[in-house]
Amino acid sequence: MLRYFTKRLIFLIPVLLGVSIVIFAIVHLAPGDPAEVMLGPSATQEDIGKLREQLGLTKPLYVQYWIFLTNALKGDLGRSIKSNAPVLEEILERFPATLTLASLGMLFAITVGLPLGVLAALKQNTWVDALCSFFALVGFSIPNFWVGLMLMLLLSITIPILPSSGFDSWKNLIMPTIVLGIQTMAVIARMTRSSMLEVIRQDYVRTARAKGISDRLVLTRHILTNVMIPVVTIAGIYFGHSLGGVVITETIFSIPGLGRLIVDAIRAQDYPVVQGGVLFFALCVGIVNLLVDLLYAVLDPRIKAQYRSAK
Amino acid sequence: MTMNEKTVPASSGSGGALREKRRSPWWEVWRRLRRNKAAVAGMTVVILLLFVAVFAPLIAPYDPNQTNIKIRLQPPSAEHLMGTDNFGRDMFSRVIYGSRISLYVGFIAVGIGAVFGGILGAVGGYYGGRLDNFIMRCMDVLLAIPQIILAIAIVGALGTSLLNLMIAVGISQLPRYARVVRASTLTVRGQEFVEAAKAIGASDTRIILENILPNCMAPIIVQSTLGVAQAILAAATLSFLGLGIQPPTAEWGSMLSSGRQFLRNAPYLTFFPGVAISIVVLALNIFGDGLRDSLDPKLRQ
Amino acid sequence: MKVFRPVLCALLLVAAMSVPAFAAEIRLAQVADISSLDPHKVSDIYSANVIRQIYSNLVQVNENMEIVPDLAESWENPDDLTWIFHLRKGITFHNGEPFTAKDVKYSIERIRNPETASPGATHLKEVQSVEAPDDYTVKIVTKRPFAPMLMSLTRYETSILNEKAVSASGADYGSKAAVGTGPFKFVEWSRGDKVTLEKNPEYFRGPAVLDRVIYRGIPEDATRLIELESGGVDLIPGNFPYQEFANIEKNDKYLTYKVPAMSTLYMGLNTEVKPFGDKLVRQAMNYAVDKQAIVDAVYFGFAAPSRGPLSPVIWGFDPTRTAVYPYDPVKAKELLKQAGYADGFDMTIYSDNRTERRSAAELIQAYLAEVGIRANIELMEWSALLSTSAKGIGGAFMLGWTGTGDADGGMTPVYHSANIGSSNRFRYKSEGIDALLDKGTATLDQDARKKVYAEVQELITEECPLVFMISQELLGASSKKVQGFKLYPNMISPLYTVTLSE
């Protein structure tokens, strides 16, 4: 078990390495010059050249990458070109907001999606099923930024009961959570429904029912545990995709989070922040995926056995 | 894979199965699809959308790029069904023309993803070993980079243009096609007719193209339908964030983006394009689901 | 841990509601959060605004952009190259250190030091040396006669810092610490969110009335307005959305502020690219575009067609000038024909993604099309636009220029051939313009200077290496509580005189 865990952890490393190389390459390929942005439209080429040297931008790319990598391993992600603050510090300052949003979004997705899917499966092929499935499909198809704008229109402008920006009180969290969670909610609902349908059909459930065990017990013990597996997997996958939603949400609701930090940095060509931010995010996603796999193994005894016997 | 049993061995050509009238696999699919009411509804909307996109110049009452400052920011009326934007352009016409861009982006992005992803998946699955491992690790890296960051970075590096937008969306869709094709390749690889083809001395490329890929068709088609829906959403999202569409092109996502500063006094600018996107994506998703169900009712995700 | 902040806030909110608020706190919303509070490290207006509250300069501008004394009580020029400033006595920095001439010397040397890499260094590049002969006298010697000196010293970049404070904080200066002599002290900066300042009771003009000041960055137009309406924000000191201003002016619950801005918006032409090298073509393009339409469509009426290269509030603007190149597509076509382009030509307009620039580009595209010029628009990121256009972009580019408030800063960087490759993005060389601009920089006599600049404004208009467009108005709004606020034309407005009524 532990060996599986460590093995997966080690596998994370080449992935992170790959991520850092790809992002480094793409960001540096972009036309435009962070030194130029810093010094503004009235700067002379001389000044720009000096600043570039100071920032270490005149060194060959692979050298710059090597410096970045070796420092990153020590925990030093460099300094932001724009604000001169340590990148790691900026990331950590903005991370809690993003984490809160992402977690709440996931929570929303699970608490709404799971029961929806279960209901749809239990009442399969009735109007309840049709309604729930349709609802989930709609949630999956509507652009989340549009939902955000419509919500803001309704709840901040037309009937002003919720604040439209900032991150001070719980009221700020309501609309962003819905916007973030709606797509994942839809996916979880659909996934839950199809897993449940599958599980219900399986033999051992019929056997249990035949034995006379109450439906309730059958539901909770046998069905739900098996349903949780794909749900947990999906949740893990979607956490990784969540950055897109996070960026949208932070943009529309002016929330000071990691998503906006990275996007603004890409725009301003603040290389250290982009590299550090994406790496940090990839690391978080990798860890979440790892935990998901562990949870997966815990939930499914067959898989547990597989790992015990493997190598 | 149910398709295999009904497909005549590939050496007789891929058209062989289709020419048989009775029990043709595609006919079966069509029959099942027709019975699924929701899928039919979805398909109808999609066809309607194609119709609108193709005949846009005939349907749209005005030139979508015709500016007229005097009538700007007018709410929906008889002359302007969806109102006018801040330059006085007719929103209804813009929404209609927007369908062209959305479909265009959707298909090309998915095309890029499916073709390159499919090739990588087939190659990896077929040859196995270290090549396969390497390709899968690359896919992992692609998946680990948040799609939106990848897209922003690509567009930032290559420049904002429709083509680069499609490339960016296509690349982020690569891994899923690679996975799907690889999985199918693995199942087919060990089968007899592949051994037979090898024994005859057919080249690897031929085997991949004629034997393996046709068998991946079903999951590819399903993925593609859903993929087009997702590509449309992704493109709209990126345009919303300000990447990819050159003015004055009418694209739903960028219309939403320009409209949002008028959210308070002209909410119809953001309402209609959003509804358009939702309907199209919803229809594609319903249709894709129906397609998947009819290709194999027992097919798991 | 900030994750628990919402809960904590909810509790505090309940607690706070039972205690009457006695601190006069004002909350402002800008378009973006600041990037640093080190005046030598910033070039954006949002940081500049906050810097203005924390620091003082030798001299300052008032709301009419006139020079007034600040840390310096008086000054004189014994000769054309020397400036002597006599400093006020008895001023202390926020960290308790006394303000002396040494601090002025330190600040000026730091900004000019290439290692500081300050965007503001260019304003003082004519300075040869700075000395502090005694604690309250500063002597600055320039390389050549430099008439814009006083205006350069009013810039936020040339604020006066305290050496001890800067060296004590090292690389964290500007983000975790900022020490000046201004009416407000830096308290904290929660990055991406807001900056908090509090009253400096030792301010040399007497303490301000406001106790606390909070600046927030809210990028979304609609959101900023919503915050004002809901009371989350008290004052929007500029960048008020143009499309909303007419409505809010009518609304009794708010006070509005409107002032002509220093900045102008134009479409620059890279004169090295055909056919922009031909003056007739450039003039044709100027006649082809209806600038009033841009004023109406993009700025909702809150702008004015350009009257030349300078905005009317810039020192040195010739008030007898009127709007240039009135809309005349017939004349445009004629000029094009004369230049040999009767069938028009193809070109590209480069712009960044901001709404105003983009919208203006779209309109220009439509107007050019009417005279046969087929333009396509390419959007790029702001940073890419800046660097590509500096090196020579392949067509026209949407740019604006704010300058320093002085005619020199408004024209020399942009039109002088010495700046080709950096700020002269038109890559335009005209000996006549160069000579006049040099003369304006070197003439210390105000009236003589004005005459020189009047001439060069006309010359630049005639040669037009760009398509003139508009100079906009600055718009702001606040709740009725806010009293005594004046919006400055350079959009850097001090809060010292602001009070909050109940």
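**Reading the numbers in a three-chain model**

Modeller: α11(A) and α8(B) are roughly parallel to each other.

Biologist: What makes α11(A) and α8(B) roughly parallel?

Modeller: Helix α11 (residues 258-268) of chain A and helix α8 (residues 147-158) of chain B pack at an angle of about 10°, and their axes are 10 Å apart. The words are tied to cut-offs: angles under 35 degrees count as roughly parallel, over 145 as roughly antiparallel, 65 to 115 as roughly perpendicular and the rest as oblique. The axes are lines fitted to C-alpha atoms, for helices over the stretch in contact, and the angles run from 0 to 180 degrees between N-to-C directions. The value of about 10° belongs to the class under 35 degrees, and α11(A) and α8(B) are therefore roughly parallel.

Biologist: Before we go on, what kind of model is this?

Modeller: This is a predicted model, in which local features need pLDDT of at least 70 and side-chain atom pairs count only at pLDDT 80 or more, while totals for chains, interfaces and linings use all residues. Residues are numbered from 1 along each chain as its sequence is written, and chains are lettered from A and ligands numbered from 1 in the order in which they are written.

Biologist: Which residues make the contact of α11(A) and α8(B)?

Modeller: From α11(A) come A:Ile262, A:Val263 and A:Ile266, and from α8(B) come B:Ile149, B:Ile152, B:Ala153 and B:Gly156. Two residues are in contact if their C-beta atoms, placed from the backbone, lie within 7 Å.

Biologist: What classes do the residues in the contact of α11(A) with α8(B) have?

Modeller: There are six nonpolar, one polar and no charged residues in it. Ala, Val, Leu, Ile, Met, Phe, Trp, Tyr, Cys and Pro count as nonpolar, Asp, Glu, Lys and Arg as charged, and the others, Gly among them, as polar.

Biologist: How many residues do chain A and chain C put into their contact, and how do the residues on the side of chain A divide?

Modeller: The contact takes 47 residues from chain A and 41 residues from chain C. On the side of chain A, α5(A) gives the largest share, six residues, and the residues of that side divide into 21 nonpolar, 15 polar and eleven charged. Chain B also touches chain C, with 19 residues of chain B in contact with 22 residues of chain C; the side of chain B has six nonpolar, ten polar and three charged residues.

Biologist: Why does A:Val288 count as partly exposed?

Modeller: A residue is buried if 20 or more other C-beta atoms lie within 10 Å of its own, exposed if 12 or fewer, and partly exposed in between, with C-beta atoms placed from the backbone. A:Val288 has 18 C-beta neighbours inside 10 Å and therefore counts as partly exposed. A:Val288 is found in helix α12 (residues 271-299) of chain A, and it touches A:Gly236 and A:Phe239, not counting residues up to four places away in sequence.

Biologist: How do you know whether C:Gly217 is buried or exposed?

Modeller: With 21 other C-beta atoms within 10 Å, C:Gly217 is buried. C:Gly217 is found in strand β10 (residues 212-217) of chain C, where helices (H or I, at least four residues) and strands (E, at least two) are DSSP runs, numbered from the N terminus. Leaving aside its neighbours within four places in sequence, C:Gly217 is in contact with C:Gln30, C:Val31, C:Ala32, C:Asp33 and C:Tyr46. C:Gly217 and C:Lys194 are 23 residues apart in sequence and 6.6 Å apart in space, C-alpha to C-alpha.

Biologist: How do you know that the radius of gyration of chain C agrees with that of a compact globule?

Modeller: The radius of gyration is taken over C-alpha atoms, and the globule rule is 2.2 Å times the number of residues to the power 0.38. With 502 residues, that rule gives a value near 23 Å for a compact globule, and chain C has 24 Å, which agrees. Chain C has 15 helices and 19 strands, and 53% of its 502 residues count as buried.

Biologist: What domains does the assignment give for chain C?

Modeller: The bounds, which come from an automatic or database domain assignment, are 21-234 + 481-502 for domain 1 and 260-473 for domain 2. The centres of these two domains of chain C, taken over C-alpha atoms, are separated by 31 Å, and 16 residues of domain 1 are in contact with 16 residues of domain 2.
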